[in-house]
Structures are given as C-alpha cells and as structure tokens.
Amino acid sequence: MRSSLIIFSLLFFFIQSAWSKDILPKYDIILPPSCSNNRGEIVQFQNLSSKLGIFSAGVAKRNQKGKPMVYRFNYEKSPKALQIFIDLHECAHHQTGDLDQPHPPQNSSEHMMKESIADCISALRIREENKNGKSLIIDALFELKKTMSILSFPISSIKSRELNIKNCFKKNISSKLFILGVLKKKHYIK
Ligand SMILES: [Zn+2]
C-alpha cells in the first residue's frame, strides 16, 4: 500500500512537472454538445482548470441558482475523443434524471448502474453524431483505460467498463429510445 502510494506520488510529480515545462501536450477544448435534462431544461457547460489537476474529468450538478450544469475539469489535458466522451457521459446523468434522485453511495450497485448507463448513452451518441464514431470511441477508450490504470483501478473494473462501452456502441437502439427506456424504468414517464 505504502509503496504504491509513493509510486503514485512520484508519478504525480513527474506528470505535474512535465506539464509545467510544457513537455506534455495541451489540447484545444471542444465546443460542448447539445444537452437538455429530463425536464427539458438546457444544460450549460463550464470549463474549469486547476494547476494540480492532471486528468480531465466532468461533474454533472446544479449550480447555486439551480441551473443544470456540467463542470469540465482540465479538458486541455486530454485529446478530443475523451473530451467528447466525458461531455456526453455527464450530459447523460442530466438526461436520465440522476440529479433528481439522492446520490447513491460510491461503489454501490445503484451507483455503478448509473455510471454504466451514462457510459452507454455516451457511446450511442458518439456513434450517432459522428461519421468517424468508431475511431472516436476507440480513442476515448484508450484514454479512459490509461487514466483508470494510472489511478490504480482494478483491471476487472477497467475491463468491464470497456466491455459495456463496446457493447453499447453496437446496440441496435438510438440514444433517444435508450434514454426513454431508462426514464420509464425510473417511473419518470409512463
Ligand atoms: Zn458518471
């Protein structure tokens, strides 16, 4: 445990100093996708960057005024494919009404289910909205797996996430119908 912590810290400082010396690439930040939530409210995207943040990430939330938001952290540190994937994943949390429900405990099966559904919708939209959807999903998966293994996720969870995303990409259903199915299951619609 301790040695992995030390390795992680060393890695962190290596990546951090590489970025500050501009050795690692910086990417242009893409325009956000169209996104509205289960109540039809438009979701706004906001870029945030921290000097210490070494990975790109997104968070779906309501702001202090109650407006649905996706906060985009350190997007300049990841290529376009991963930026697209994270945007659509976070949008999916809004589309499926996750923010109207209490947040399930981290790593609970309910939490994992919400994450797989958001990944699935992201994969479906990447396929629908891009001519080169297949190469985008391959690139996004490559970046996701890289980040998850640096963050010491178990191989089993990396593999099952990858499998879910690949299966969804091949699903014979549109993202719209898939989302309707999720909303019906949650009894948001009849
Ligand atoms: Zn999520």
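This is a predicted model: local features need pLDDT of at least 70, side-chain atom pairs count only at pLDDT 80 or more; totals for chains, interfaces and linings use all residues.
View 1. Residues are numbered from 1 along each chain as its sequence is written. The strands β1 and β3 run parallel and are joined by 5 bridges. Helices (H or I, at least four residues) and strands (E, at least two) are DSSP runs, numbered from the N terminus, and two strands pair if DSSP finds at least two bridges between them.

**View 2. Here is the whole sheet, with its strands in the order β1-β3-β2.** The sheet is open, has 3 strands and shows mixed pairing. Because β1 (44-48) and β2 (57-62) stand at the edges with a single partner strand each, one side of each has no neighbour in the sheet. On average, neighbouring strands are turned by 25° against each other, direction ignored. As a reminder, strands of a sheet pair through backbone hydrogen bonds, either parallel or antiparallel.

**View 3. Now for the hairpin of β2 and β3.** These two strands pair in the antiparallel sense over 6 bridges, with β3 spanning residues 68-73. Look for V59, which stands opposite Y71 in β3, and for A57, whose bridge partner in β3 is F73. Between the strands lie 5 residues, and G66 in the turn has a positive phi of about 85°.

**View 4. Helix α2 lies across β1, β2 and β3.** The helix runs at about 25° to β2; axes are lines fitted to C-alpha atoms, for helices over the stretch in contact (C-beta atoms, placed from the backbone, within 7 Å), and angles run from 0 to 180 degrees between N-to-C directions. Which residues make up the covered face of β3, and which the uncovered one? P68, V70 and R72 form the covered face, while M69, Y71 and F73 form the uncovered one.

**View 5. K176 lies in helix α6 (residues 175-185).** With 13 other C-beta atoms within 10 Å, K176 is partly exposed (buried means 20 or more such atoms, exposed 12 or fewer, partly exposed in between, with C-beta atoms placed from the backbone). R125 is 51 residues away from K176 in sequence and 9.1 Å away in space, C-alpha to C-alpha.

**View 6. Finally, a look at confidence along the protein, given as pLDDT (the predictor's confidence in each residue, from 0 to 100).** The average is 90, and 88% of the residues score at least 70.

Methods. Two residues are in contact if their C-beta atoms, placed from the backbone, lie within 7 Å.
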